[in-house]
2 protein chains.
Amino acid sequence: MSKSPSLPASLKQLLIKGDELFLPGISVDCVIFGFHENSLKILLLDIADSNKWSVPGGFVLKNEDIDAAAYRVLKERTGLKDIFLQQFNVFGQPNRIEASAHKATFEQYGTKLSKDHWLLQRFVSAGYYALIDYTNFTVQNDSFNSLNSWIGIEHLSKLSFDHDHDSIVKKALESLRTQLAYLPIGKNLLPKKFTMPELQKLYETILNKPLDRRNFQRKMLSFGILNKLNETRKGGAHKAPYLYTFNDKKYQKALKDGLYGSW
Amino acid sequence: MSKSPSLPASLKQLLIKGDELFLPGISVDCVIFGFHENSLKILLLDIADSNKWSVPGGFVLKNEDIDAAAYRVLKERTGLKDIFLQQFNVFGQPNRIEASAHKATFEQYGTKLSKDHWLLQRFVSAGYYALIDYTNFTVQNDSFNSLNSWIGIEHLSKLSFDHDHDSIVKKALESLRTQLAYLPIGKNLLPKKFTMPELQKLYETILNKPLDRRNFQRKMLSFGILNKLNETRKGGAHKAPYLYTFNDKKYQKALKDGLYGSW
């Protein structure tokens, strides 16, 4: 029998002081989306190389705002601040007991959780999704010995997920698609300057269906959230396409009032 | 000194078995909207006649889905099933300690909560809003000796609220207004048949501003969610206005895809 690796400090803290530091029964889960080379990707982690994927999550400090806890988790994973973060659902099904996942995490270090340990109770989780600029950061592994990877959404069906993290990812993707119907998107997923075909590709990728080029452009321009630049994308065989950027003020207003304006 | 009234059974259960029956640190709060005589009303309660208003809420049973808990609370208050219920926000600020409210509730019965009682811990609350048919039910008082009242939103600023329930109501109203920009509304707030002016009045009331009659009608009809009936509202001095009903199938689709259709 091989000797178990020693328990990382962060897990040791959870084991001994978790119930003192954190709220009981509440966690946050973050679905982090990035867009790269025409693929919508999600940052997933394979906790301790177990081949069971999950989304980054964490607990809420006893004196911490729950939104702040989600930001903290994101910052720990990505090093990024100022990202678009949206609370999208509370996962409170009684059967989503995370106990088995917590158990497994500790067992690989040869540590058994006591039967009444707070990590073995029922957790209700607040789900957040984040849109980040893929090119703007490097994936960091965390102190729990987990592998962080960007996985294209086209590969999700092939993965094996930890407890109910498949439904968390599915619901986040659904919320993102719904958001397309009435809110602007793209600001955090695309570089500052982009072409209309690049924006269309983002929509097509999220919706997983092709869109008509002319209708897309007409609809997109009608929202008034784009600034057309006097600049084209150089290189490429075709006529160089114009570059656009988002009009910050109008983008923010549309995020608040909806793309079609308020009544 | 007058003798305190005796503790109602429901409170007694909370006092003695609360930590055994319910999840720690999680509650649900329900903002119930109704529309009557051109006024948008919220069902509020004055717990034990304290002159501090709050929205109906409750705890989550150890083996209960959190959405189911919100439905249960609503059913207890209104007797209604099948109502439109929407999770809109998680209230997880560390300073929203409900301890003082819980303390006060018990103190009026001469009961002091022990310092480490589970009712005195920090609670994170999932906020839901519900739209119900005002004419379809009678307000029921509950076993906590609370007065349930419909309060028109125009009177909210004059009320004194329990801990952070003013911000819960405010956020629910904000979410409802945002919803108007991209989702249909009215199905649960209006009677089955209604006139265009009645529908417009609902929008004007929620938005708290007058809308142009022609623009409203044109926009509303363009969504394709209404069926015009071959029937008019009788009585009244003016030309009798036509009655409409919602097209159920298209209404449900618009609730899912947004009023302006999907991409």
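**Notes on the contacts**

1. In this predicted model, 30 residues of chain A are in contact with 30 residues of chain B, where contact means that the C-beta atoms, placed from the backbone, lie within 7 Å.

2. On the side of chain A that touches chain B, the elements giving two or more residues are β1 (22-36), α2 (66-78), β5 (84-91), β6 (124-132), α4 (165-182) and α5 (196-207) of chain A. β1(A) gives the most, with four residues. Helices (H or I, at least four residues) and strands (E, at least two) are DSSP runs, numbered from the N terminus.

3. By class, that side of chain A has 17 nonpolar, seven polar and six charged residues. Here Ala, Val, Leu, Ile, Met, Phe, Trp, Tyr, Cys and Pro count as nonpolar, Asp, Glu, Lys and Arg as charged, and the others, Gly among them, as polar.

4. Within chain A there are domain 1 (9-182) and domain 2 (194-257), with bounds from an automatic or database domain assignment. Their C-alpha centres lie 31 Å apart. Seven residues from domain 1 of chain A and six residues from domain 2 of chain A make up the contact.

5. For the side of domain 1 of chain A that touches domain 2 of chain A, β2 (39-46) and α4 of chain A each supply at least two residues. α4(A) gives the most to this side, with three residues. Its classes are four nonpolar, two polar and one charged.

6. On conventions, residues are numbered from 1 along each chain as its sequence is written, while chains are lettered from A and ligands numbered from 1 in the order in which they are written. Local features need pLDDT of at least 70 and side-chain atom pairs count only at pLDDT 80 or more, whereas totals for chains, interfaces and linings use all residues.

How values were computed
Two residues are in contact if their C-beta atoms, placed from the backbone, lie within 7 Å.
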